[in-house]
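Keep the viewer open and follow along.

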Amino acid sequence: MATVPTAMTTSRLPIGAVAVLASLALAATATAPATAASPPAAKRPTLALSATGGSSANLLRGRPGRVLHGAVTVSNVSRHRIAVRLQPADIRNAANGSADYTTTKLSQAGRWLRLSTRTVRLAAKSSRRIAYTVRIPQSARGASHYAGIVAVDAAELAAAKSPGKRAQGRAGFTISRINRQAVPITIRLPGPLTRKLTLRSVKLDVSAAGAGLVLGLLPRGTVLMQSAPVKLRVSRGKATILRNSSTLGQLFPGSKLDYRIAWNGRPTKGDYLVRGVIRPKGAAPVYINQSITFTPAKVKELKRETPPVAQVAPSKDGLPMWVWLALGGAAALLLTLSLAVWRLARRGRRTAEAPAPAPLMHALPDPDSHDQDDRHDRSAA
Amino acid sequence: MTHLNARVARIVAGLAVVSAFAVAPMAAQAALTGDAAVTGTLNAGVLSVTAPTITAFSATLTGIAQTKNTPVGTWNVTDATGSDRGYDVTVSATAPTVDADGAGAGAPAVIAGSTLKLYTTTAETGDNLNTKPVAQADAQLDVLADGGYAASTIQSAAAGTGQGPWDFAADADIAAGLEVVIPGTATPGAYASTLTYTTAQRAA
């Protein structure tokens, strides 16, 4: 009888070990695809662009009708010869603030810029100074105007412009990327410096990526605002649906922006109350207290445009959600196996501690027992 | 007496020679630090960004809108200008175009109703003890009326922050990286889009 617990002990180790190994294997297989899917390292930058004479040279002062002069330095930071394409740009506000350099359909101060050359060919590790002029129109008003010069490696641009050739013969989705360098130029005219931010609209917008609260903003005045912290809350009845605390980057006057705040999940039809405040630096705060309606038509539109399966919330700081789910499953399996082992061991221990068999066993010897056989053998011998 | 004087003279001479060996390095050091001023020029470095590689992918059309996430590789931004002006990294994109015949012939058509979303990541600190640039909210790049996408700022360094090199890890999460919503009306073919990473110092 005493051999039973021993047998249990020897079988407990393999079960536990198997469970641990199983969980480790699950964890290993869970993490392997994530690392295997990592794309190759990025290419080093080939060029750099800076204002000649230091960053303070980005600020030019003048009067309407005058021509101002400046220069930028284009550098080849690679070990091979490159051609750099230079373009004048307007500065607009990016969707969440800061400069968005646009080089097509110039309509603002970008039109005032004239570069001495549009293409620069540079030997490895060499630089060149490129002069530019700013012709301020007689009609210019307002104290500050913003333009920019952007530089792109012509080879990168050419590669990105011929995706058809690269994708030839294979269906799929190819994403090219371009490194672009920009230098902002501030043109300061005489006049007072004022800052103002106007809230144009508050909407609950629908796009293929999901719903979002969109704040329509218009920075005004005669000089940019350095930043604008935003704090708001969306509620429905007493329930808070969305909280947001974020900061808009530099805001350039005269350029609208639609600041989109992602909505968690899918909104249902009905009214929502948006309350909050935007505090642009150097300007008066903008208070938000507005009711918005998500109509049944918008609900339908959202359902039609967005994928049917809701996306799992991304885990930004650690492993993906599905890895955690796999690890959780492995842990549950290990716990179940440990419980089973413990219960079996407990049952075996109870059996071992049970009273000895009745003395009747000794009183009535088994005629088939080995002891008896041995005795017979010995007596025979 | 003469004999004694000669011995004293020899000892004094010996001490003088030993002292000369001790003084020589000090004199040389003095010549380096005291007599000649150390001069040099510190040249400004550059502000640069290394845009990440984004993995190409393929999908089977289902007739309804679907989402695909593709990994975004490591990338880096370096501010070696010494200006402390701060900077921003913005991302813009061209609307995906499809080459329906797959042979690269003909003008590619813009696909309406698709969106790109670039999940932002936080700069790794490493050995850089400066204040890191601030990761902005995930960049939602919606199609504009003219076919392009509105640019979105993904990293911001206010004045006096973000100096030096900053690395950003690859983002290969299944629900992160670059998210592409493919509309249900999309047609089969080879799609292409370009993401432009722009780095610039902040305007004055």
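Helices (H or I, at least four residues) and strands (E, at least two) are DSSP runs, numbered from the N terminus.

Some ground rules first. This is a predicted model, where local features need pLDDT of at least 70 and side-chain atom pairs count only at pLDDT 80 or more, while totals for chains, interfaces and linings use all residues. Residues are numbered from 1 along each chain as its sequence is written, chains are lettered from A and ligands numbered from 1 in the order in which they are written, and side-chain values use heavy atoms, with hydrogens and water left out.

**Confidence**

| Chain | Average pLDDT | Residues scoring at least 70 |
|---|---|---|
| Chain A | 80 | 74% |
| Chain B | 78 | 72% |

The model as a whole scores ipTM 0.75 and pTM 0.72. Where pLDDT is low, the predicted coordinates should not be read in detail.

**Chain A and one of its sheets**

Chain A has 7 helices and 17 strands. Of its 381 residues, 41% count as buried, meaning under 20% relative accessible area with a 1.4 Å probe and protein chains only (exposed is over 50%, partly exposed in between).

An open sheet of 4 strands runs β1-β3-β8-β6 (chain A), with antiparallel pairing; two strands pair if DSSP finds at least two bridges between them. β1 (47-51) and β6 (113-115) of chain A stand at the edges with a single partner strand each, so one side of each has no neighbour in the sheet. Within this sheet, β3 (residues 67-76) and β8 (residues 127-135) of chain A pair over 9 bridges. In β8(A), R129(A) is the bridge partner of T73(A).

Y146(A) sits in strand β9 (residues 144-153) of chain A and is buried, at 6% relative accessibility. The contacts of Y146(A) include I91(A), F252(A) and P253(A), plus A203(B) and A204(B) from chain B. A polar atom of the Y146(A) side chain lies 3.0 Å from the backbone nitrogen of L224(A).

Over in chain B, T198(B) belongs to strand β13 (residues 190-201) of chain B and is buried too, at 3% relative accessibility. Which side chain joins that of T198(B) in a polar contact of 2.9 Å? The partner is R180(A). A polar contact is a pair of N or O atoms within 3.5 Å; within protein, one must be able to donate a hydrogen and the other to accept it, and residues adjacent in sequence count only if both atoms are side-chain atoms. T198(B) also touches Y101(A) and A182(A), along with D88(B), V89(B) and T90(B).

Conventions. pLDDT is the predictor's confidence in each residue, from 0 to 100. Contact means heavy atoms within 4.5 Å. Lists of a residue's contacts leave out its neighbours within four places in sequence.
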